[in-house]
Amino acid sequence: MPKPVQDLCEDTCNGTSNIDVLKEQLISEQTATGVAEVFKALGDPTRLKIIHTLLNRELCVHDIVQVLEMGQSAISHQLRYLRNLRIVKRRKVGKTVYYSLDDEHIEQIFLQMLQHMKHN
């Protein structure tokens, strides 16, 4: 049976980079936590469907409920989660609440992942 490949350097390896520079360039704990939270949000199929639905247009909660064929409370819960992470934003007109993507960054991330999935 072949020996498994290990993620270790050889005994003679002294590294290839200036570790101090890499440490200085490392993202902060706060930034890493924020990015991880966004990816966690994008790890849920329902939230991804909501984002996909909002890619091209602003929609009221009722429309999102109809498209996803889910209950309003479940959709509202997911929208609140996405809003707290600034993935979606809302606009209120009277008693109607409209949602849209907060900015083009989420759209770009989402479209890049769709392209990646189609590439495979």
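Visitor: What makes the three strands an open sheet, and in which order do they lie?

Guide: In this predicted model, the strands run in the order E1-E3-E2 with antiparallel pairing. Strand E1 (59-60) and strand E2 (88-93) stand at the edges with a single partner strand each, so one side of each has no neighbour in the sheet.

Visitor: How do you know that E2 and strand E3 pair, and in which sense?

Guide: Two strands count as paired when there are at least two bridges between them. E2 and strand E3 (residues 96-101) have six bridges, in the antiparallel sense. As one example, Val 88 has Leu 101 in E3 as its bridge partner.

Visitor: Why is Leu 68 called buried?

Guide: Buried means under 20% relative accessible area. Leu 68 has 14%, so it is buried. This residue sits in helix H4 (residues 61-68).

Visitor: Which residues does Leu 68 touch, leaving aside those up to four places away in sequence?

Guide: Leu 68 touches Thr 46, Lys 49, Ile 50, Thr 53 and Ile 75. Thr 46 is 22 residues away along the chain, and its C-alpha atom is 8.2 Å from that of Leu 68.

Visitor: And Met 113: why does this residue count as partly exposed?

Guide: The class lies between the 20% limit for buried and the 50% limit for exposed. Met 113 has 45% relative accessibility, so it is partly exposed. Its place is in helix H6.

Visitor: Which residues form the nonpolar patch on the surface?

Guide: Val 35, Phe 39, Ile 109 and Met 113 form it, with about 360 Å² of accessible area together. Helix H2 (29-41) and helix H6 (104-119) each supply at least two of the patch residues.

How values were computed
Residues are numbered from 1 along each chain as its sequence is written. This is a predicted model: local features need pLDDT of at least 70, side-chain atom pairs count only at pLDDT 80 or more; totals for chains, interfaces and linings use all residues. Side-chain values use heavy atoms; hydrogens and water are left out. Helices (H or I, at least four residues) and strands (E, at least two) are DSSP runs, numbered from the N terminus. Buried means under 20% relative accessible area, exposed over 50%, partly exposed in between (1.4 Å probe, protein chains only). Contact means heavy atoms within 4.5 Å. Patches are made of residues with over 30% relative accessible area and no salt bridge: like charges are joined within 9 Å, nonpolar side chains (Val, Leu, Ile, Met, Phe, Trp, Tyr) within 5 Å. Accessible areas come from the Shrake-Rupley method with a 1.4 Å probe; for residues, only the protein chains shown count as cover. A salt bridge is a side-chain nitrogen of Lys or Arg within 4 Å of a carboxyl oxygen of Asp or Glu.
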